[in-house]
There are 2 protein chains.
Amino acid sequence: MGRPTLVSLAKELGVSRQTVSNVLNSPHLVKPETRDRVRKAIEASGYRPNQAAQALRKQKSGTLAMRIYPSSDGIYGAVMDRFLHRLVSEARARSYNIMPITAIDDRDELQQLCALYDKGSIDGCLLSGTSEHDERPRVLAQRQIPVVTFGRPWGDDELSHYWVDVDGAGATAAATRDFLARGHERIGFVGIEAGSGPGDDRRRGWQEAMTQAQPHVDLSQMDTHGVDSIETGVSAARELVARGATAFVCPSDSLAFGALVHLRNAFPDSYQTMPVIGFDDSPVARALGMSSVGQPVEMAVHLLVEAIIAQLKDPEGTLPEPVLLQGSVTMREPVMPVSPAQE
Amino acid sequence: MGRPTLVSLAKELGVSRQTVSNVLNSPHLVKPETRDRVRKAIEASGYRPNQAAQALRKQKSGTLAMRIYPSSDGIYGAVMDRFLHRLVSEARARSYNIMPITAIDDRDELQQLCALYDKGSIDGCLLSGTSEHDERPRVLAQRQIPVVTFGRPWGDDELSHYWVDVDGAGATAAATRDFLARGHERIGFVGIEAGSGPGDDRRRGWQEAMTQAQPHVDLSQMDTHGVDSIETGVSAARELVARGATAFVCPSDSLAFGALVHLRNAFPDSYQTMPVIGFDDSPVARALGMSSVGQPVEMAVHLLVEAIIAQLKDPEGTLPEPVLLQGSVTMREPVMPVSPAQE
């Protein structure tokens with residue numbers, strides 16, 4: 001397509017390829033008059049050093065990979081979309097590109113990341129969605145592939161990569177205390193099956209606040225476990241209401257939305273007195289006027305990008321301490337009426 | 001980081017770098033015993049050809065750029081998030097990578113795309129959000145940078161790049177006819193300021209269906225223009241109701257959501273009889289049970305990826321005909337009650 005190259009410039013000027021290269025990289029080696037002539041020709045041609053040539057010389061691609069996930073119900077994906085947009089901006093400001101990848105599962109992601117690294121297509125990667133028994137950070141570390149994670153190494157304290165996470169337990173504890181202060185005694189947790197790091201963490205916050213306020217109450221009656229979906233939210237809220245719950249803490253906006261749907265249908269006149277809070281402060285939550293916990297995604301991205309670039313520049317350097325950021329509890333009133341069509 | 005290279009392999013085996021390269025690329029030039037020994041060493045080492053070296057040899061990066069947009073109210077961005085996820089998958093299946101970029105405006109995007117192309121970082125690009133007087137496709141074509149667009153070259157018929165778009169006018173006309181068939185006579189259009197290609201196109205469909213049904217009615221009373229936001233939807237619906245509108249066609253889900261908020265507040269007992277339809281079938285629309293027009297994003301991505309790869313493989317080849325895909329009108333009942341807190 002007519003992009004000028006070192007070779008085409010050299011030919012045009014009647015000098016060697018090496019001379020053009022020297023003018024760019026070691027100008028002191030070139031006679032002043034030749035240097036000036038070649039420089040002018042380079043400027044006039046619009047020549048830019050080829051990125052692949054630079055990558056080859058430096059043995060660096062200037063690219064970081066990150067998996068993107070499909071948005072299942074349109075609620076969950078929202079945080080990671082904000083994450084990606086910010087990541088691309090922050091990385092570009094530091095002259096790095098982001099290569100998004102899609103994967104069937106964690107193992108597929110891991111295989112792709114290793115293959116991309118082996119080919120020199122990426123210099124490192126960011127992981128999100130860390131879970132208990134997550135093999136990804138360990139395998140990447142063994143392969144000496146630079147990695148940082150948005151999410152803690154749940155239950156795996158030996159891992160020594162840099163991570164940033166959001167204090168889910170702190171946020172759900174604060175929301176629970178808020179509901180307690182408003183006079184609610186039976187506060188249900190519309191939970192996710194045990195085993196997901198963030199789901200368990202967010203349950204822990206609710207448990208701690210409840211146990212502190214009501215040390216002798218059996219919490220298991222107020223706790224449910226299911227897949228993270230609107231449907232689970234509907235059925236869990238129904239169960240919890242039957243057991244006397246009047247307020248609901250949820251580790252996701254999908255679950256919170258489902259809980260709201262049930263309350264609206266079951267208590268059309270009084271559902272506004274039964275608060276529900278979700279997690280992620282998704283566009284759906286904001287549009288509905290639904291209470292939720294927001295994550296400081298921009299700060300998380302900033303810290304992760306700084307850390308991985310520092311690692312790439314100095315692989316032997318000391319890793320900074322991982323960071324646990326605070327979530328922001330946003331209570332919205334009145335609780336949103338939602339469509340019976342959803343149930 | 002210890003990635004094996006041609007040089008390290010050659011050193012280890014006591015042969016020249018050229019010999020290792022020949023074993024990989026021109027094995028007939030190498031003596032059989034050397035060939036076998038080198039091949040075994042290559043396999044044992046886990047060597048993969050460096051992507052930058054291949055890119056340099058082929059003068060191709062295997063990468064396509066596309067701008068991603070921030071989600072303003074969390075509604076608009078949803079289609080493009082689905083688009084990106086699908087794009088990354090489709091491109092990967094064809095051995096291409098996607099490089100997302102962020103930009104302040106169209107001009108910034110254009111400058112970045114040209115710079116990336118000049119450096120050999122990308123082989124081509126995808127544009128979305130085409131508008132009237134869009135300079136991007138024209139400048140890219142002049143620079144001979146391969147480009148395809150999701151969106152028509154609005155009002156610029158001389159442009160000859162490949163595009164895929166969704167027939168907005170066809171979808172809003174179908175929705176308008178549906179409302180007419182249900183007995184609504186005064187159907188308002190909660191519109192976007194003139195000048196945006198898709199906004200005007202979607203208005204045209206409403207106009208055509210209305211003019212066909214009521215040839216002598218002045219439509220301007222039923223037409224509003226504003227920025228694409230929830231707030232505009234609220235105020236436009238208020239105005240249109242004052243002029244007698246009982247049904248509302250909107251070129252976005254943000255506007256439709258705003259219209260629903262107003263109707264819910266103004267007519268708590270009868271708003272369900274006043275249908276509203278949005279555009280994009282966003283997660284918010286699905287969560288609210290709001291009627292909307294869905295876009296066949298997956299098919300659009302597939303066609304665009306096929307077309308740009310064909311162009312890259314054969315720059316002189318004939319471009320396929322651009323494609324206008326049909327949107328899918330999804331009517332949902334009952335219309336979702338929405339929170340007074342939004343108004």
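In the predicted model, five residue pairs are in polar contact between domain 1 of chain A and domain 2 of chain A, both residues of each pair at pLDDT 80 or more. On the side of domain 1 of chain A that touches domain 2 of chain A, α5 (78-93) and β5 (162-167) of chain A each supply at least two residues. The residues on this side divide into seven nonpolar, three polar and four charged. One salt bridge is counted between the two domains of chain A. Arg152(A) forms a salt bridge with Asp201(A). The closest N and O atoms of this pair are 2.9 Å apart.

Chain A is divided into domain 1 (61-167 + 296-327) and domain 2 (168-294 + 330-342). The contact between them takes 14 residues from domain 1 of chain A and 19 residues from domain 2 of chain A. About 1,300 Å² is buried between the two domains. Of this area, 56% lies on carbon and sulfur atoms. The C-alpha centres of domain 1 and domain 2 of chain A lie 30 Å apart.

The relation between the chains was examined next. A rotation of 180 degrees superposes chain A on chain B, with an RMSD of 0.2 Å. The shift along the axis is 0.0 Å. The two copies are therefore related as by a two-fold rotation axis. In chain A, the C-alpha nearest the axis belongs to Ala52(A), 2.3 Å from it. Of the interface residues of chain A, 100% are also interface residues in chain B, so the copies meet through the same surface.

How values were computed: Residues are numbered from 1 along each chain as its sequence is written. Chains are lettered from A and ligands numbered from 1 in the order in which they are written. This is a predicted model: local features need pLDDT of at least 70, side-chain atom pairs count only at pLDDT 80 or more; totals for chains, interfaces and linings use all residues. Side-chain values use heavy atoms; hydrogens and water are left out. Domain bounds come from an automatic or database domain assignment. Contact means heavy atoms within 4.5 Å. Buried area is the accessible area (1.4 Å probe) that two parts lose on being put together, summed over both. A salt bridge is a side-chain nitrogen of Lys or Arg within 4 Å of a carboxyl oxygen of Asp or Glu. A polar contact is a pair of N or O atoms within 3.5 Å; within protein, one must be able to donate a hydrogen and the other to accept it, and residues adjacent in sequence count only if both atoms are side-chain atoms. Helices (H or I, at least four residues) and strands (E, at least two) are DSSP runs, numbered from the N terminus. Ala, Val, Leu, Ile, Met, Phe, Trp, Tyr, Cys and Pro count as nonpolar, Asp, Glu, Lys and Arg as charged, and the others, Gly among them, as polar. Copies are superposed by least squares on the C-alpha atoms of residues with pLDDT of at least 70 in both.
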